[in-house]
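Below is a briefing on one structure, grouped by topic. Please read it with the sequence and the coordinates open.

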Amino acid sequence: MSAQIIDGQAIAMEIRLALKQEVEALKQKGIFPGLAVIMVGDNPASQLYVKMKEKAAQEIGLHSVVRLKPTGTTQEELMREIEEMNEDPRIHGYMVQLPLAEPLREREILEAIRPVKDVDCFHPYNVGRLLIGETGFKPCTPLGCITLLERTGVPIEGKKAVVVGRSNIVGKPMAILLMHRNATVAICHSKTRDLAAELRQADIVVAAVGIPRFITGEMLKPGAVVIDVGINRLPDGKVVGDVDFVSASQVAGWITPVPRGVGPMTITMLLKNTVEAAKNQCKI
Ligand code: NDP
């Protein structure tokens with residue numbers, strides 16, 4: 001079997017085009033949706049992500065602000081920046097680029113973000129609403145994964161889904177979104193006894209581990225839908241996922257590539273959440 005490719009890049013661009021039109025329509029009504037990104041330090045990977053977010057925001061017509069803070073910025077200085085963003089009426093959504101280097105206290109910073117502007121969905125208020133199935137922001141990467149799954153047309157309800165990884169930003173919220181769509185969900189992690197046995201039962205696999213080509217074709221159920229969240233840079237500079245694409249695509253029914261899979265969807269969902277935030281704050 002040769003899997004069908006889930007083209008995250010193409011789907012992301014389609015959604016961005018629709019968002020651009022929506023932003024245009026909002027501007028006609030005098031609403032100018034704004035997104036801000038705050039970054040501390042000079043981590044090259046973070047700098048790249050921030051640039052990509054800024055570019056994507058500008059392309060769909062958002063008012064885009066990037067606040068670059070030098071290494072050594074104190075907790076108090078960062079908290080003041082957060083307060084400014086909370087009060088700025090031109091900013092409808094904003095995020096702090098993670099990770100924050102010590103001694104900055106990440107949790108305290110994330111909890112200071114006003115929940116209505118928390119477009120990354122990291123504030124405990126929004127995480128709690130997600131857990132109990134209330135309306136509100138959904139975290140960008142899991143929301144992107146669900147969108148890709150839905151685009152395959154393969155029903156999620158009643159399916160066995162295995163999420164590999166239990167981080168707060170990917171694995172856990174992913175499992176919740178799948179459960180809310182009536183999948184039967186298992187969450188696997190580094191202490192799982194027999195990962196291959198779990199995976200071989202899975203109709204849907206979401207890999208968020210951070211180990212290059214960790215999940216191979218022989219671990220999969222034939223026909224499974226495989227969503228690969230992993231972004232791993234090899235010593236030769238090549239970027240690969242957590243799934244061994246070559247062997248997995250011989251067994252799976254559907255699979256996301258890396259790059260051009262989940263990655264472009266994450267930024268797209270950030271844009272989508274920002275447009276939602278603007279509409280909510282302007283009562284549209
Ligand atoms: P974390 O490091 O926070 O979590 C990794 C998870 O994998 C942990 O739960 C860990 O288990 C589990 N794990 C580690 N080793 C094994 C193993 N041998 N068997 C089973 N599970 C294992 O990573 P993230 O969730 O932040 O990211 C995961 C991947 O996704 C990374 O490659 C990251 O770069 C990528 N990513 C991609 C994004 C995108 O936009 N496409 C966005 C965010 C992340 P335990 O809890 O027991 O330690």
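Which exposed residues does the face of α1 turned away from its buried side carry? That face carries Gln 21 and Gln 28, where exposed means over 50% relative accessible area, buried under 20%, and partly exposed in between, with a 1.4 Å probe and protein chains only. This is a predicted model, in which local features need pLDDT of at least 70 and side-chain atom pairs count only at pLDDT 80 or more, whereas totals for chains, interfaces and linings use all residues. Residues are numbered from 1 along each chain as its sequence is written, and side-chain values use heavy atoms, with hydrogens and water left out.

**Helix α1**

- Helix α1 spans residues 8-28, and its 21 residues reach 30 Å from the first C-alpha to the last, close to the expected 30 Å at 1.5 Å a residue; the expected span is 1.5 Å times one less than the number of residues.
- Helices in this account are DSSP runs of H or I with at least four residues, and strands are runs of E with at least two, both numbered from the N terminus.
- The buried residues of α1 are Gly 8, Ile 11, Ala 12, Ile 15, Arg 16, Leu 19, Val 23 and Leu 26. They cover an arc of only 130° around the axis, which puts them on the same side of α1; the arc is that of the directions from the helix axis to the C-beta atoms.
- An α-helix has 3.6 residues a turn, so residues three or four places apart point the same way.
- The cover over the buried residues of α1 includes α2 (44-59), α6 (140-152) and α10 (262-281), with contact meaning heavy atoms within 4.5 Å.
- At the start of α1, the backbone nitrogen of Gln 9 has a side-chain oxygen of Asp 7 within 3.2 Å, and after the helix comes Gly 30, with a positive phi near 85°.

**The ligand and its surroundings**

- Around the ligand there are 22 residues, of which Arg 166, Ser 167, Ser 190, Val 229 and Thr 266 come nearest; a residue is near a molecule if one of its heavy atoms lies within 4 Å of it.
- Polar contacts are pairs of N or O atoms within 3.5 Å; within protein, one atom must be able to donate a hydrogen and the other to accept it, and residues adjacent in sequence count only if both atoms are side-chain atoms.
- A polar side-chain atom of Arg 166 lies 2.7 Å from an oxygen atom of the ligand, while polar backbone atoms are 3.3 Å from a ligand nitrogen in the case of Val 229 and 3.1 Å from a ligand oxygen in the case of Ile 231.
- Taken alone, the ligand exposes 930 Å², and the protein buries 69% of that; accessible areas come from the Shrake-Rupley method with a 1.4 Å probe, and for residues only the protein chains shown count as cover.

**Helix α10**

- With three residues, α10 gives the most to the shell around the ligand.
- The 20 residues of α10 reach 29 Å from first C-alpha to last, close to the expected 28 Å, and the helix is mostly covered, with 14 of its 20 residues buried.
- Just after α10, Lys 283 takes a positive phi of about 55°.

**Loops and backbone geometry**

- Cis peptide bonds, with omega about 0°, join Leu 98 to Pro 99 and Val 258 to Pro 259; Pro 99 has its place in the loop between β4 (93-96) and α4, and Pro 259 in the loop between β11 (254-255) and α10.
- Cys 121, in the loop between α4 and α5 (124-131), has a positive phi near 60° although it is not glycine, and at 2% relative accessibility Cys 121 counts as buried.
- Arg 213, in the loop between β7 (204-207) and β8 (225-228), also has a positive phi, near 50°, but Arg 213 is partly exposed, with a relative accessible area of 36%.
- Gly 41, in the loop between β2 (34-40) and α2, is in contact with Lys 69, Pro 70 and Thr 71, leaving aside its neighbours within four places in sequence.
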